[in-house]
There are 2 protein chains.
Amino acid sequence: MEPYELTATEASALIAARKLSCEELARSTLDRIRARDADVRAWSWFDEDMIVRNARELDKRLPRSPLHGLTFGVKDVIDTVDMPTQHNSPIHVDHRPGQDAACVAVVRHSGSLIVGKTDTVEFASGGRRAVTRNPHNPAHTPGGSSSGSGAAVGDKQVQLAFGTQTGGSHIRPAAFNGIYGIKPTHGIVSREGAKMYSHTLDTIGWYGRSVEDLQLVARAFRVVESDGPAPAGVRGLKIGLCRTPVWSSADAYGRAALMEAARRLEAEGAIVRELDLPPAFDGMDAAQQTIMRGEGRAAFLPAYLGSHHLLHEDFREMVENTRAITPAQLVQAYDLAASCRRAFDGLFGADLDAVLTPASTGEAPEGLQDTGNPAFNAMWTLLHVPCVGIPVGKSARNLPLGIQLVGPRFADSRLLDIAHACAPAIHQNGVLTEIQPDEAVTA
Amino acid sequence: MEPYELTATEASALIAARKLSCEELARSTLDRIRARDADVRAWSWFDEDMIVRNARELDKRLPRSPLHGLTFGVKDVIDTVDMPTQHNSPIHVDHRPGQDAACVAVVRHSGSLIVGKTDTVEFASGGRRAVTRNPHNPAHTPGGSSSGSGAAVGDKQVQLAFGTQTGGSHIRPAAFNGIYGIKPTHGIVSREGAKMYSHTLDTIGWYGRSVEDLQLVARAFRVVESDGPAPAGVRGLKIGLCRTPVWSSADAYGRAALMEAARRLEAEGAIVRELDLPPAFDGMDAAQQTIMRGEGRAAFLPAYLGSHHLLHEDFREMVENTRAITPAQLVQAYDLAASCRRAFDGLFGADLDAVLTPASTGEAPEGLQDTGNPAFNAMWTLLHVPCVGIPVGKSARNLPLGIQLVGPRFADSRLLDIAHACAPAIHQNGVLTEIQPDEAVTA
């Protein structure tokens, strides 16, 4: 087994035991990137010499944390002091920010090796798409906007990577690339130094190749530990199977992945019950759109004024408010979100440990232009709740399929514990088995 | 009259008519700063040559907007591409960010002359205080954390300046310095590139020497125009006199300023009625504290890890959560704020045009360590509503006193129209008359 194939958790243990050096891991990582980059094109920037040099420096230090020496990709809308941050925008070609974003500073201080910047949809929003291909089937998108981060982890080019989610930009690519991802509770991780799109929605998340990998990073961010002990296994866990108000947008594979995950959890002793959300939740998808585009007006005004001809018309339309979003609509969307947040949290307790729900509409679309539908992500982003993406299997075209587990606000640590218990069942101990599409038309 | 004495609106008209050059205004501004800087110490950074050079460049261009050539100070927690951003923190001495913050980019594109960076409380939060003195009485604070911005505008060293408010950092200094200020609806102006403290609370605001000055800047930010015509005057305006749940923290001057403003409005024909907020609002002050400190944990984690010994213990305590804020308390605070936002907006309509409420507890404290109590600001910040600070008069010690008008979310433009109608009455046509303290103990 080559070092690049190790999960973050496996590599962390070997580095701590001095059985693996940071440089060995870095060189193996570079070999993997060199072998695969022409096909996957996950990276918008990396520097081979810098990677090796920084790994050597890490080998000279005592490890500060379990992240020491682990390889980290950074979505290219997140600032890095020693690399350009280009946002896949012609406005920011070779732009060098003066400091690390907050999230980068935390993992860099913890000893992570920042490998490079991963390609993204323009400003993690609209306009230009990433050139990244799905590592499991290069004719398909890896999803977006965290395209490069999802593909780099999915292709084992790095162990960990940051993404961001405003609509469905983080958890959907986790599903499309067959990896794990967490979108934590809104605000638990500082977004300072990441491109702002919608202040109500923008959330930093990270990818890994196991739940343990996600937990390693959560600890670096001092995500509050859960009160009780972690569940010993799936048995007795109360899982709410939530099709959501946008269930009709799921394709045959999307439906199958959800039901297969539910069956696997039930087979291991989980108590899976249907969870219907109250009618107010029907408006959440539209509310997320209203807020995202409404807040995007302010976010892209500086570029609109200063670099008008270099800004894609998607953004010009947002600043010009071509959809005519009114202040009353915005206020209504904020207030609906607030009341649904309270209602959603209230569902948890003795009868519910976690919600099981689709991570995407199904298979990753063909081509690179359509990065997939965020329908199954937008509501959760607006609810501010933690979401953990877990792989379930793959389609006949070798495209990974996933689901997500969702918990109440600030139960990130507990949700990761539950995901840790559930993952071996859902992911069949790490094997992406082929799933049969659910061709039945469901109501 | 020297050019530096002109309000932004007055100077804008002269520049548009080519009766005043940007360089003349800049040189007059510099003379004023030179004459007063040793006493007021509003600035953490400025460069005389750069100011004149940039003004000359502006004179070569056709004016792009009414802000062309107007002098602007920028609180030193807001990034500027051509000046250091130091946050009054030893971690950031001479730090040069790679780009302008969003708000700076907008006014720079509009032709404003960025004069320099204004002193601030460390990270606009705690720790080190600004060295700035109150220009009306140097033995007293100008307030904080927007200390330098408030004092620079109050001392006529610039016409306009950016501040920020997370608790009471913007409107309180407006009152203490005898100037106008707006804290707009949360999110209307992008905070990108301003130091993050609390994502739920942080709001960019600006100061001016008249309501028209505030409106000039609001138009640059494309703050949505109000539906109806601006009120022609005070007569018939329905004003809710709101003492707030923290009324007992007002001092004799604070009480007097509010009641004097109410009397002046009534004398001009306004319909002023007492406005009692529902009991739920009693918890808003504590909720604001919980959210500010709870969210500060994530905001200051990078500095805590990377520059521990250079970070003031106020921030270390926040990251270590020494007040033991629980996730449940945070969620409760968020949910209370959301329901109070909806309730507050619902008060407006046929019976209420604007709320009149204190801008500070009263006089600016003596010395520079205590920058004043944010009690009369914290709730409004958390409500996300627009607030406009208006001067009322001064104390026997020559310390300015002010009030604020408050409107519902996103009614910024309408609130500015109302403030424009009310300001001549409240501010007695720009004269700070001495106010008699209200020594009566009120319930």
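How many cavities of 30 Å³ or more does the rule count? In this predicted model, where local features need pLDDT of at least 70, side-chain atom pairs count only at pLDDT 80 or more and totals for chains, interfaces and linings use all residues, side-chain values rest on heavy atoms, with hydrogens and water left out. Residues are numbered from 1 along each chain as its sequence is written, and chains are lettered from A in the order in which they are written.

The count comes to seven cavities, a cavity being a set of points, on a 1 Å grid over the protein atoms alone, where a 1.4 Å probe fits but cannot get out. The largest cavity holds about 420 Å³ of space, the volume being that filled by probe spheres set on the points, which are joined across faces, edges and corners. Its lining (residues with an atom within 4 Å of a point) comprises 25 residues, and Thr200(A), Arg341(A), His384(A), Arg341(B) and His384(B) lie nearest the centre of the largest cavity.

Chain A and chain B each bring 46 residues to their contact, defined by heavy atoms within 4.5 Å. About 3,800 Å² is buried between the two chains, 60% of it on carbon and sulfur atoms, where buried area is the accessible area (1.4 Å probe) lost on putting two parts together, summed over both. Four salt bridges cross the interface of chain A and chain B, each a side-chain nitrogen of Lys or Arg within 4 Å of a carboxyl oxygen of Asp or Glu; Lys195(A) forms a salt bridge with Glu192(B), with the closest N and O atoms 2.9 Å apart.

Definitions and conventions. 1 Å grid on protein atoms, 1.4 Å probe; cavity = no way out; pocket = protein on both sides within 12 Å on 5 of 7 lines; lining within 4 Å.
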